[in-house]
Protein chains: 2
Amino acid sequence: MDNINTQAARITRIASILVVFFTLSFQANAQAPSDKADADFIRNIYAFTLTDSRAYSWLEHLSLRVGHRLSGSTGADKAVTYTRAMLDTLGLDSVWLQPVMVPHWERGDPENVQVVGSKVLGNQQLPALALGGSVPTPAGGIGADVVEVTSWEELDGLGERNVRGKIVFFNRPMDPTRIRTFEAYGGAVDQRVYGAARAAKLGAVAVLVRSMGLRADDFPHTGTLRYDSTVALIPAAAISTNAAEQLSRALREEGRVRVSMQLNCRTLPDVLSYNVIGEIRGFEKPDEFIVVGGHLDSWDVGHGAHDDGAGCTQSMDVLRTFKRMGYKPRHTVRCVLFMNEENGLRGGLQYAAEAERKGEYHLCAIESDAGGFTPRGFSFDAEESRIKGFYERIEGFQELFDPYGIKLARGGSGADISPLKSQKGLLSGYIPDSQRYFDVHHTAADTFDTVNKRELELGAASMAALVYLIDKYAVGK
Amino acid sequence: MDNINTQAARITRIASILVVFFTLSFQANAQAPSDKADADFIRNIYAFTLTDSRAYSWLEHLSLRVGHRLSGSTGADKAVTYTRAMLDTLGLDSVWLQPVMVPHWERGDPENVQVVGSKVLGNQQLPALALGGSVPTPAGGIGADVVEVTSWEELDGLGERNVRGKIVFFNRPMDPTRIRTFEAYGGAVDQRVYGAARAAKLGAVAVLVRSMGLRADDFPHTGTLRYDSTVALIPAAAISTNAAEQLSRALREEGRVRVSMQLNCRTLPDVLSYNVIGEIRGFEKPDEFIVVGGHLDSWDVGHGAHDDGAGCTQSMDVLRTFKRMGYKPRHTVRCVLFMNEENGLRGGLQYAAEAERKGEYHLCAIESDAGGFTPRGFSFDAEESRIKGFYERIEGFQELFDPYGIKLARGGSGADISPLKSQKGLLSGYIPDSQRYFDVHHTAADTFDTVNKRELELGAASMAALVYLIDKYAVGK
């Protein structure tokens, strides 16, 4: 090694690193907020969370000990018990369970979706998951020719003549050119939600849907469908993106491909479950509420780690951080872990109905339900007459979030909190980086090991910082 | 399932998603750049890259077929051959190898670092990696008591009396409260770089350094050290963060802990290697250059996937994208894969020296060497008299990058391109999200599977977009 050059190189490199840091630090200072106390308090929230948060260890338990937790499952029961017990350790003013009746759908024995006698694919198994709420196939399964479509126009163009008795295969991919992956999801998920109903209208016997993912892999992505009760309810399953590509290729090359499907799912009577709620009473306005939450249920595969164990444990962590830092909020701050976001939204509806009945005004509700990834922003929503006024005040917080790479913008919030919109308060959605979300969303790949501790914690700290500002400045009134 | 509520819920949810998208889209439009052609071209760059990039498959080969590639190793030779061959497929105007003599340090047989007869830890092995450039331990290894310090003041306070004959254990952690992990690195890496020299001055026989990582895990992080040739050259190794915590606990509980160390590394004579270069000749100013690059060498563990296979394959992809999109740059655009960034910077120094000799003015050089993670920004640097003028022009590009979540700021650039600074052109560093980087940096965990395809591609597209603007508007002149 040539020491002179190496030394010069190391010095240059380190100097260059230091220049980045000091420049960036300086810029953060140059953008210092007018209220230094807020900047300091927010810095302390981040420092506390990055060194003392429990979000990650709670999520580990929820992922590895409780596991997935679809509404009505024993996993969901265990999740209620566990998170309530954890909230009980925080010294909150109240912790309780809010009863709610939830749907109870079960997958049953693993799906069997298989190509039959294809020249290209032989009798290949296609990795598949029944869509949530799907009816089962008849005893003995279904065997039928497959017809592929990528749009509603194409489906309607085929008409009953070409669809009756067939399995319709919806194969429009998520658009990889959208930078925000939720946009790509929004442009494809209609196939999963409405595919079975639209295909049934034309006499199809079953539906296969390309998984809602951007990656080429073997994980099928489940998710809800929406039947139309005026036509037949036909079984529907998602197949992995790789399987969708293969099936499409076989159809192109052979013209005709037969698939057999066996789904063993069933819908049982509704069961009693709970939203899990903890609160710190406001010292000034105890009857006005700020909610921070996520949904406790998950799909019945993987760990539900990103969707939405992350949002739940981050929300719990916000209250723990306030307690441990000795912060006393002006308004009552609640952590709400909603049950049944995935296949019914009963928890969110129940919570809003009870709030309405008790006259509990929610000046703000924040939901984290887009994964435990590195923070990028918050979006804000409200009833039309109020959003402009609210957002003008929110914009005043922007410089406080600049050091954390967080952008405040108008936009949607979250499914569970959306029923609170009629109260005319402020709604907000936490926006983490979206690039990896649809690699795991609603799949067996949504596991604890895909969550990064710091990314999860930065989200929790960001949510605490936002709640702090909303509370202090009473935005949403 | 209650269809009415479920339907309402799904509608609400989907509507809420759509509101986010349309609002965000609208804002992107509201911030539309004055030059719509630029916005369109940049959108096309992203769309092309997200659907047709080769960066990920090149990185797969570089990671899984070539593997790690420390300067002087067969891996480095293979990497030169492979990347040159790939550049040869792109239809560039020239592809060539630029010779450079590089250091040749070898790790030799695996390290053995072991606690000896501790009550707390028994004879526990400590996961360790010799620091790059370290001398070996003498035949038979070293056995000595350990003395722990967390600052230079503490080391100097101990003085020769307490240090002579000991192994100094540098255990100052990276600061987890820094939001940008490179700041935390900058606040701790002095121990790794200067620890051996400073400890040797006081008579220490060896050095152990807590790994430069924020995660509690069992991966030791290697990296260069810098000896002081006026004092003894003593062996130095990094131990994992978990091992550092354990060793520290044993020292607290027992007062005295003995460790045995055997490092088998050696420094061989310098060997011939190469920078790999490809270029598209400028149609207007062929004698003025824009460089986009990363470093081809890596540490000798893991795959060197993030550090810096990512930067190399992104840089190659920029030229491929221009060729495939039919973009003809005004200035000559070069992709430079620098050899020996990690332990010598010889490639960077050689490139700059040759450029100087040939009078090649570089109006801009961009380096990607902070991992293949989701894009957050670019930082810009230049000689003091010029940075202000350059940066004012760069700021005009900000709105073009807003739709991609990319922030342009002043700051450092990259080690390999830093020797070009004396040309008084513009230097830039690509800044991806930094949260996961130090989980893998310089470790066996820096593997291909930790790189997300879209995140890698978004980085490549961002670099292409920046090169396009620099070229079109001739910033750096």
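Two strands count as paired here if DSSP finds at least two bridges between them. In this predicted model, strand E10 (residues 285-295) of chain B is linked to strand E12 (residues 361-367) of chain B by 6 bridges, and the two run parallel. If you want a spot to look at, take Glu288(B): its bridge partner in E12(B) is Tyr361(B).

Now zoom out to the sheet around that pair. It's an open sheet of 8 strands in chain B, with the order E1-E9-E11-E10-E12-E15-E13-E14 and mixed pairing. Strand E1 (94-106) and strand E14 (407-410) of chain B are the edges, each pairing on one side only. On average, neighbouring strands of this sheet are turned by 20° against each other, direction ignored.

| Helix (chain B) | Strands it lies across (chain B) | Angle |
|---|---|---|
| H4 (residues 74-88) | E1, E9 (266-280), E11 (331-338) | about 5° to E9(B) |
| H9 (residues 305-325) | E9, E10, E11, E12 | about 145° to E10(B) |

Over to chain A and its domains. The domain assignment gives domain 1 (31-105 + 269-473) and domain 2 (108-264) of chain A. Their centres, taken over C-alpha atoms, sit 34 Å apart. Where they meet, 15 residues of domain 1 of chain A and 18 residues of domain 2 of chain A make the contact. On the domain 1 side, helix H13 (residues 437-440) of chain A supplies the largest share, 3 residues. By class, that side of domain 1 of chain A has 7 nonpolar, 6 polar and 2 charged residues.

Definitions and conventions. Residues numbered from 1 in each chain as written. Chains lettered and ligands numbered in written order. Predicted model: local features only at pLDDT ≥ 70, side-chain atom pairs only at ≥ 80, totals over all residues. Helix = DSSP H or I, 4+ residues; strand = E, 2+ residues; numbered from the N terminus. Axes fitted to C-alpha atoms, helices over the stretch in contact; angles between N-to-C directions. Contact = placed C-beta atoms within 7 Å. Domains from an automatic or database assignment. Nonpolar A, V, L, I, M, F, W, Y, C, P; charged D, E, K, R; others polar.
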